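Here is a short briefing to read alongside the coordinates. Take a look at the structure first, then follow the points below.

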Amino acid sequence: MASTFLNSATPCNAAVVSSSSLRFKFKLKFPAKAPLPSPPTVLFRAKTPVTCFIPAHGDASVQNDFCFLKKREFVFSAALPFLLILHGSVEGFGAEAAERLDKSEDERIREEVRKVVTKYNAAGLLRLVFHDAGTFETNDNSGGMNGSIIHELDRPENTGLKKPVKILGKAKSTLDLIRPVSWADMISVAGTEAVSICGGPSIAVELGRLDSGKPDPEGKLPEESLDAFGLKQSFSRKGFATQELVALSGAHTIGSKGFGSPVVFDNSYFKILLEKPWSDTGGMSSMIGLPSDRALTDDDECLRWIKEYANNQNVFFEDFKKAYIKLVNSGAKWKS
């Protein structure tokens, strides 16, 4: 695209610039009788001829000024379409990247959590879920999955949970550099990864929970010494049916409670409950499970679900998934 300097018959020593569709015409007005020399042609790298018309009686400075201005206009007009394309491309890339960032936020959280979850710390991370969410009470909608566990680690019932919090804190620190994530979400995801890495079902949980800035009231977790009737009452106050109580208790299949392999999530918990090894005298069999685990077999309603899950692992997996999602949503406050 070339810029052209034109002559006019009206005497004038000023240059007037007008633009249309990236064409620049510079009209110079000189005496009508002034003869004009043949226009010299200047070639730039674009190999586009650019013509400079200068007054016959103009001095060298006028000629230099005109040619310099002409060159600038030519370069600008030639480059402008490319600059506009580049600008649009950069803006489009930024918008697209931001959209991908939003869509991949959940997966980014899960990826960081996976880096710190192993089969050998899975039981502790899963226990963290139960102790954070287990404070929920339906009567006043208090407690629940709100990250308050980090303020409650010195309570006797939470002994041993400082290590899982520290492990999970490594992943959280990395994520917080990109975008802050709540402890409630981190703990919820950690539980799903703990189950998955040990061979249990894949569980998809929604994210967007808010953290509480203070501890939940004490005495809200079910006590390990409760009998079946007490357990059913406690879980009922939290909005869980007997079936869900039994399914969630199956989480004790991993860890050091003696229900099969400590690093395999399966239905061994229910099979061993039916065997009642603690009834044998002597040996380590009396140490298997908690008093609350053993109490489940003394209740007919609980026993029915224990037998169901012992006979069909797939049914247990499906019911555990549903109960887990309900657990990590209990009492949760969500981002608007």
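A polar contact here is a pair of N or O atoms within 3.5 Å; within protein, one of the two must be able to donate a hydrogen and the other to accept it. Please keep in mind that this is a predicted model.

**Confidence**
- The chain has an average pLDDT of 79, and 68% of the residues score at least 70.
- Residues 1-72 stay under 50 in pLDDT, and the model gives them 100 contacts beyond four places in sequence.
- Residues 74-101 are also below 50, with 16 contacts beyond near neighbours in sequence.
- Where pLDDT is low, the predicted coordinates should not be read in detail.

**Thr 135**
- Thr 135 sits in the loop between α3 (122-133) and α4 (162-178).
- Thr 135 counts as buried because its relative accessibility is 3%, and the cut-off for buried is under 20%.
- Its side chain reaches the backbone oxygen of Asp 132 at 3.3 Å.
- A polar atom of the Thr 135 side chain also lies 3.1 Å from the backbone nitrogen of Gly 144.
- Beyond four places in sequence, the contacts of Thr 135 include Asp 216, Lys 220, Leu 221 and Lys 238.

**Helix α10**
- Helix α10 covers residues 300-311 and spans 17 Å from first to last C-alpha, close to the expected 16 Å.
- Its buried residues are Cys 302, Leu 303, Trp 305, Ile 306, Tyr 309 and Ala 310.
- These lie on the same side of α10, because they cover an arc of only 165° around the axis.
- Asp 300, Arg 304 and Asn 311 are exposed on the other side.
- Among the elements covering the buried residues are α6 (228-237) and α11 (313-329).
- At the start of α10, a side-chain oxygen of Asp 299 comes to within 3.1 Å of the backbone nitrogen of Glu 301.

Methods:
Residues numbered from 1 in each chain as written. Predicted model: local features only at pLDDT ≥ 70, side-chain atom pairs only at ≥ 80, totals over all residues. Heavy atoms only, no water. Helix = DSSP H or I, 4+ residues; strand = E, 2+ residues; numbered from the N terminus. Expected span 1.5 Å × (residues − 1). Buried < 20%, exposed > 50% of the residue type's maximum accessible area, 1.4 Å probe, protein only. Arc of directions from axis to C-beta. Contact = heavy atoms within 4.5 Å. pLDDT = per-residue confidence, 0-100.
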